[in-house]
Amino acid sequence: MAKKQYAVIGMGRFGFSVANALSGMGFDVLAIDSDEQRTQAVSNIVTHAVSADSTDEEALRALGIRNFEVVVVAIGEDIQSSILTTLILKDIGVETIIVKAQNELHGKVLQKIGADKVIYPERDMGMRVAHHLTSPNVLDYIEISDDYSILEMKVAKDMIGKNLRQLDVRARFGCNVMAIKHGTKMDISPYADAPLKEGDILVIVGEKMDLTKIELAYPK
Ligand code: ATP
């Protein structure tokens with residue numbers, strides 16, 4: 001199967017980091033920025049780096065942007081350019097368009113005009129850090145919709161030696177333990193009667209409010 005081709009528009013910190021990571025994973029990446037200095041900075045990291053204004057439809061067509069399966073629009077501050085670029089990519093017929101939003105309203109507009117995925121890196125990272133700060137057992141917190149999230153938490157002191165049946169998070173908190181990580185192993189159909197060990201990590205899915213209740217119930 002041919003390697004997927006990615007284009008990233010906007011080489012701010014976020015766009016640069018996406019382009020750099022994709023390149024490191026061995027993918028072909030086209031980096032675009034209207035600022036020549038920014039494209040220069042990324043030129044020896046990605047396959048191609050081009051200075052172009054992404055609100056110029058002809059320029060995007062000339063770059064063959066339609067041939068890229070995934071285009072990431074990482075223009076944050078200039079909301080008008082971000083929206084216009086997304087609209088043009090949609091018109092051109094790019095398969096998957098992923099756009100970074102600056103705020104909720106920006107995100108809503110992007111969704112309305114057909115962005116396939118809208119991401120809020122600052123908001124999401126802020127939320128993850130906050131959950132980690134309030135409960136040291138929380139390793140990760142990933143929002144999957146407006147109401148639901150996935151919580152990764154270390155087995156708390158009070159959980160060690162107990163099993164999932166005894167913890168009964170489904171009845172007590174309305175959440176589901178989807179998996180348990182033991183070191184590098186991931187058990188995706190955890191056995192209800194196996195005692196939890198120190199260092200185990202629970203992967204729990206549930207409503208945000210319910211997940212917060214678990215965090216608060218196991219502060220140590
Ligand atoms: P960061 O990820 O650093 O927080 P940001 O969200 O503040 O970035 P900006 O700095 O506004 O994003 O924009 C990111 C990049 O997008 C900049 O390098 C800018 O030159 C580029 N950019 C802005 N408008 C366009 C455009 N129309 N065409 C191409 N590149 C653009």
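Is Ile-97 buried or exposed? With a relative accessible area of 0%, Ile-97 is buried. This is a predicted model, so let us take a friendly walk through it, starting from the whole chain.**The overall layout**

The protein chain has two parts, domain 1 and domain 2, and their centres, taken over C-alpha atoms, lie 35 Å apart.

| Domain | Residues |
|---|---|
| Domain 1 | 5-119 |
| Domain 2 | 125-217 |

An unreviewed UniProt entry annotates residues 3-119 as "domain: RCK N-terminal". Over that stretch, 41% of the chain is helix and 23% is strand, with 24 Å between the end C-alpha atoms.

**The nonpolar cores**

The largest nonpolar core has 22 residues, and Ile-9, Ile-32, Leu-60, Ile-65, Val-71 and Leu-89 touch the most other members. At least two residues of this core come from each of strand S1 (5-9), strand S2 (28-33), strand S4 (70-73), helix H4 (79-92) and strand S5 (96-100). H4 gives the most, three residues. Setting aside neighbours within four places in sequence, Leu-60 is in contact with Ile-9, Ile-32, Ser-54, Ile-65, Ile-88, Leu-89 and Ile-92. There is also a second, separate core of 20 residues, and Val-138, Phe-173, Cys-175 and Ile-214 are among them.

**Back to Ile-97**

Ile-97 sits in strand S5. Which residues is Ile-97 in contact with, leaving aside its neighbours within four places in sequence? They are Val-71, Val-73, Thr-86, Leu-89, Lys-90, Ala-115, Asp-116 and Lys-117. Ile-97 and Tyr-6 are 91 residues apart in sequence, while their C-alpha atoms are 10 Å apart in space.

Technical notes: Residues numbered from 1 in each chain as written. Predicted model: local features only at pLDDT ≥ 70, side-chain atom pairs only at ≥ 80, totals over all residues. Heavy atoms only, no water. Domains from an automatic or database assignment. UniProt positions renumbered as here; feature names shortened; annotations may be inferred. Helix = DSSP H or I, 4+ residues; strand = E, 2+ residues; numbered from the N terminus. Core = buried A, V, L, I, M, F, W, Y, C linked by side-chain atoms within 4.5 Å. Buried < 20%, exposed > 50% of the residue type's maximum accessible area, 1.4 Å probe, protein only. Contact = heavy atoms within 4.5 Å.
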